[in-house]
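I opened the model today to look up a few contacts, cores and annotated sites. My entries follow in the order in which I looked.

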Amino acid sequence: MSQDVLTHPATAPCGRPALRVEPADALVDVRRRIVASGLPAGRVSLQSRLRHPDGSEWQANAEFEVGADGVLDLDAMAPVAGDWDAMDPMAVVWALRRTAAPVTPSLSDETRALSVDLTLHWPGASLQTQLVQRFEAEGVIRRELDGPLSGTRYTPAGPGPHPVIVVFNGSGGGVARQRAALYAARGYEAVALGYFKSPGRPDHISDTPLEYFEAALDWVHAELEPARGFVALTGQSRGGELSLLLGARFPQRVSAVIAYVPSAVVHGTLRAGRAGQPPGEPAWTWRGEPLASVWDGNPLADWSAFEARDAGTAPVRQAPSFVSAQRHAPSVAAARIPVERISGPVMLVSGTDDGFWPSSFYASEIAYTLYRHEHAWPVEHVRCEGAGHAIGIPNLPATLIAKPHPVAGVVLDGGGTARLNAEANRASWAAVQRFLREASA
């Protein structure tokens, strides 16, 4: 679909309708301006549509009242009806509802550009334009890792060396290419490191040796030669737990940790273990021995919320089970991640309505532990009110509150609302970029 050639509303030819996106083609984290001018006064409808590279289809609709000036400015006007109610041009993306499931799920976390078609309707006429979102910036070089490591490396444009960030997915496994590509677009050598459900790695999280990550960190320092030796770790959910765990175990190799919706304690395999394996079985090992889990022999652990079903139709909100496990102090102490050993700044991102596990409680516990130990580096907790578990890249569809777990297939309620999760994505991403600039300087 071709982009309309339009001028700013203030200088548009009188009576000529125009629909404009600025910038029309940019990185996914760039906020756009969406303005229409020359419209007749009255009700208009705006539709956004996305056919994702994975084959899924998405749609959102909203209606607006245009005044006598003929201008529709999504920064200044909220819909009177439809799929969103905020003065936010990026709602045309985050309010998208999935109308068809992926055909090729393996492409869901790939870095192909996303093209969102916009159509503005009013009686007897319409305008069309397009908004393009990119994960990979011009000049970024992508390389697949080979040998013992699994994943993808993104090198920024321009001469190095660059600070490095290693990016982990959570309990769905795979390779976090979108986030890594976006970090590279912002000037970091980014390694999306897979540790299960990625090429050459097991299909499950069960008994993942921390020696694998130790070898990866050694490779990063030796081969990538990070600027000023700076290597940050970041991950979401189980990847957040992992980032904190590695920062504490290998403090000389890790310069900073950014943990999205993390845990303060070590967990078992949960929903990512081998078929038939109990969820409390070990996820991590060190020198052949399993790391203690908060579920090990925990007399107060109540799995009922984790195992909940309602005729197989209701999404599972499993967080209460994790709250129950925290009530047994000896089990918590045995499984606590010793975050005070981290030798660098720490950022924690959480949602207060997290349905997966109590990430805001965990993050507060981590921050308090670092405070009590007089941590010598900055500690920040980005506490996103009303947001759920799915906090990450901004300006992507945020309406899939409940979705099947990638390994177990159980439909989980992640919590939050589309609007609050979208706001959390935007606010946390801005905070993370500022945190990294300061930490790597």
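I began with the side chains of Arg177 and Glu110, which meet in a salt bridge at 3.7 Å, N to O; the rule I used asks for a side-chain nitrogen of Lys or Arg within 4 Å of a carboxyl oxygen of Asp or Glu. I note at once that this is a predicted model, in which local features need pLDDT of at least 70 and side-chain atom pairs count only at pLDDT 80 or more, while totals for chains, interfaces and linings use all residues. Residues are numbered from 1 along each chain as its sequence is written, and side-chain values use heavy atoms, with hydrogens and water left out.

**Helix H2**

Arg177 belongs to H2, where I found it buried together with Gln178, Arg179, Ala180, Ala181, Leu182, Tyr183, Ala184 and Ala185. Buried here means under 20% relative accessible area, exposed over 50%, and partly exposed in between, with a 1.4 Å probe and protein chains only. Since nine of the nine residues of helix H2 (residues 177-185) are buried, the helix is largely enclosed by the rest of the structure. Helices are DSSP runs of H or I with at least four residues, strands are runs of E with at least two, and both are numbered from the N terminus. Just after H2, I read a positive phi of about 105 degrees at Gly187.

**Two domains**

I then looked at the domain assignment, which gives domain 1 (18-134) and domain 2 (141-440); such bounds come from an automatic or database assignment. Their centres, taken over C-alpha atoms, are separated by 31 Å, and the contact takes 24 residues from domain 1 and 24 residues from domain 2, where contact means heavy atoms within 4.5 Å. The area buried between domain 1 and domain 2 is about 1,900 Å², with carbon and sulfur atoms giving 56% of it; buried area is the accessible area (1.4 Å probe) that two parts lose on being put together, summed over both. Of the area that domain 1 buries against domain 2, Asp29, Trp94 and Asp109 supply 34%, more than any other three residues. Across this interface of domain 1 and domain 2 the rule finds five salt bridges.

**Nonpolar cores**

Which residues touch the most other members of the largest nonpolar core? Of its 72 residues, they are Leu72, Trp84, Leu120 and Tyr183; a nonpolar core is a set of buried Ala, Val, Leu, Ile, Met, Phe, Trp, Tyr and Cys residues joined through side-chain atoms within 4.5 Å. Helix H8 (residues 418-440) gives the most to this core, with eight residues, and the core draws at least three residues from each of domain 1 and domain 2. Apart from it lies another core, of 59 residues, among them Ala264, Val265, Ala325 and Leu348. Not counting residues up to four places away in sequence, Leu72 touches residues including Ile34, Phe64, Met77 and Leu120.

**Annotated site**

From UniProt I took the feature "active site" (unreviewed entry), placed at Ser237, Asp354 and His389. They span 153 residues in sequence, yet no two of their C-alpha atoms are more than 10.6 Å apart, so they gather at one spot. I keep in mind that UniProt positions are given in the numbering used here, that feature names are shortened, and that annotations may be inferred rather than shown by experiment.

Ser237 is found in the loop between strand S16 (231-236) and helix H4 (238-249), and is buried, with a relative accessible area of 5%. His389, in the loop between strand S21 (379-384) and strand S22 (402-404), is also buried, with a relative accessible area of 11%. Leaving aside neighbours within four places in sequence, I find His389 in contact with residues including Ser237, Asp354, Phe356 and Trp357.

**Backbone details**

I listed two cis peptide bonds: one from Glu22 to Pro23, with omega near -15 degrees, and one from Gly160 to Pro161, with omega near 0 degrees. Pro161 lies in the loop between strand S12 (150-155) and strand S13 (164-168). Glu225, a residue other than glycine, has a positive phi near 45 degrees, and at 55% relative accessibility Glu225 counts as exposed.
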